[in-house]
Amino acid sequence: MHEYSIAIGIIDTLKDVLKEEFLCLNKIELTVGSLSGVYFEALHSALELILESEGLDNVTINISEEKGLFICSECQKATEIEPPLFICKECGSSRGKISGGKKIIIKAVEVNDGKI
Amino acid sequence: MARYELMRDALGREKQRAERLHDFFAEHRILVLNIMGSPGSGKTTLIEKVIEKLKDDVTISVIEGDLATTVDSERIEKTGADVFQINTGGICHLSPEMVERAIDKMNIRDKSILMIENVGNLVCPASFDLGEDIRMVLVSTPEGDDKPEKYPVMFLGADIFVITKMDLIEMTDFNIERAIKSVQKIKHNTEIFTFSRDSNEDAKRISTWLKEEYTKKIK
């Protein structure tokens with residue numbers, strides 16, 4: 001349940017960025033990599049829990065997935081990785097580089113006007 | 001309604017701390033290992049055996065990460081190595097912040113090895129860089145050969161994969177070939193070792209490899 005630690009980091013970042021507008025938070029949009037080791041439901045629940053403790057009950061949390069890509073050294077194609085197979089879907093080679101899919105990005109937020 | 005495009009890394013702060021640790025360890029030429037595996041996979045035993053082999057040549061310090069108790073650090077203390085126990089109090093992984101606080105209190109020598117034993121867990125520790133040079137992941141034979149397939153994110157970052165409790169393999173249906181193939185499918189250049197607690201040769205092989213990495217780091 002390391003998602004809780006990650007959620008605390010997200011909320012701290014939002015407080016830093018939004019300052020007093022944090023209390024008007026309405027929506028959080030996140031992009032979570034398919035290889036980041038984060039379970040969406042767990043992150044969602046952790047964020048809800050922390051937001052509730054801050055008195056924010058109605059924040060919409062949207063989490064979208066960013067797939068990791070396998071850039072094949074043999075055929076040079078980029079195909080989506082489907083764990084546990086880290087191979088080229090095109091030619092089956094396991095020689096290549098992984099691109100993307102590892103980060104958890106706070107993409108955007110929306111805040112209500114004049115609630116303070 | 002106002003919308004702000006942020007595009008911020010949610011682990012940005014953790015990554016900044018990890019960068020500071022990388023810089024610190026590089027400046028002081030300390031080779032750092034982040035040792036991960038399930039509870040009971042043999043992490044502490046492997047650390048004890050490696051210390052026994054290397055302690056006459058290299059100064060080794062250890063950070064022990066556990067939810068509770070000082071059982072592991074007491075074991076390490078007996079080897080003569082400098083050890084610091086972190087009790088996370090329920091948190092399922094070590095964070096770079098915890099390691100920063102630990103090294104502030106330790107007196108880690110320049111040109112030495114620091115072994116960080118993470119909290120026993122094949123999921124959560126994978127997401128946190130602790131400033132390490134080498135990630136070592138252990139799977140013991142009673143756990144089963146399917147662990148790399150089931151926990152791929154952990155093996156994605158592994159530099160060394162160690163199959164432990166080889167002395168128990170006869171009592172299990174662990175298939176070494178299957179485990180190795182699964183790891184290589186996730187990351188083809190992972191170094192692979194096998195280890196039994198009573199095998200002098202096994203401890204020697206891992207220690208020799210580490211000593212070479214250490215020599216590269218202190219150059």
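# Reading burial, packing and pairing in a predicted model

Mentor: Start with B:I169, which lies in the loop between β7 (160-164) and α7 (176-186) of chain B. Keep in mind that this is a predicted model.

Trainee: Why does B:I169 count as buried?

Mentor: Its relative accessibility is 16%. Buried means under 20%, so B:I169 counts as buried.

Trainee: What does B:I169 touch, leaving aside its neighbours within four places in sequence?

Mentor: It is in contact with B:T141, B:F174 and B:I176. B:P142 is 27 residues away from B:I169 in sequence, yet their C-alpha atoms are 7.3 Å apart.

Trainee: Now A:Q76. What makes this residue exposed?

Mentor: Its relative accessible area is 59%. Exposed means over 50%, so A:Q76 is exposed. A:Q76 lies in the loop between β3 (69-72) and β4 (78-80) of chain A.

Trainee: What is the phi of A:Q76?

Mentor: Positive, about 65 degrees, although A:Q76 is not a glycine. Most residues other than glycine have a negative phi.

Trainee: Which strand holds B:M7, and what is its phi?

Mentor: B:M7 lies in strand β1 of chain B. Its phi is near 50 degrees, again a positive value in a residue other than glycine.

Trainee: Is B:M7 buried or exposed?

Mentor: Its relative accessible area is 54%. The cut-off for exposed is over 50%, so B:M7 is exposed.

Trainee: Next, the helices. At what angle do α2(B) and α8(B) pack?

Mentor: Helix α2 (residues 43-54) and helix α8 (residues 200-218) of chain B pack at about 70 degrees, with axes 9 Å apart.

Trainee: Why is α2(B) called roughly perpendicular to α8(B)?

Mentor: The angle is about 70 degrees. The class runs from 65 to 115 degrees, so α2(B) is roughly perpendicular to α8(B).

Trainee: Which residues meet there?

Mentor: From α2(B) come B:L46, B:K49, B:V50, B:K53 and B:L54. Their counterparts in α8(B) include B:A203, B:I206 and B:L210. By class, the contact has 6 nonpolar, 2 polar and 4 charged residues.

Trainee: How do you know that β1(A) and β2(A) pair?

Mentor: Count the bridges. Pairing needs at least two; strand β1 (residues 25-33) of chain A and β2(A) have 7. They run in the parallel sense. One bridge joins A:E29 to A:N62 in β2(A).

Trainee: What is the strand order of the open sheet?

Mentor: It is β2(A)-β1(A)-β6(A)-β1(B), with mixed pairing.

Trainee: What makes β2 (60-66) of chain A and β1 (2-9) of chain B edge strands?

Mentor: Each pairs on one side only. The twist averages 15 degrees from one strand to the next. On this sheet packs α1(A), touching β1 and β6 (104-111) of chain A together with β1 of chain B.

Trainee: Which residues touch the most other members of the largest nonpolar core?

Mentor: A:L14, A:L25 and B:L114, out of 46 residues. Helix α1 (residues 3-18) of chain A gives the most to this core, with 6 residues. Nonpolar side chains tend to be buried together in soluble globular proteins.

Trainee: What does B:L114 touch, not counting residues up to four places away in sequence?

Mentor: Its contacts include B:F25, B:I63, B:I103 and B:M106. B:I103 is also one of the buried residues in helix α4 (residues 96-105) of chain B. What covers the buried residues of α4(B) includes α1 (12-27) and β5 (112-117) of chain B.

Notes. Residues numbered from 1 in each chain as written. Chains lettered and ligands numbered in written order. Predicted model: local features only at pLDDT ≥ 70, side-chain atom pairs only at ≥ 80, totals over all residues. Heavy atoms only, no water. Axes fitted to C-alpha atoms, helices over the stretch in contact; angles between N-to-C directions. Helix = DSSP H or I, 4+ residues; strand = E, 2+ residues; numbered from the N terminus. Parallel < 35°, antiparallel > 145°, perpendicular 65-115°, else oblique. Contact = heavy atoms within 4.5 Å. Nonpolar A, V, L, I, M, F, W, Y, C, P; charged D, E, K, R; others polar. Core = buried A, V, L, I, M, F, W, Y, C linked by side-chain atoms within 4.5 Å. Buried < 20%, exposed > 50% of the residue type's maximum accessible area, 1.4 Å probe, protein only.
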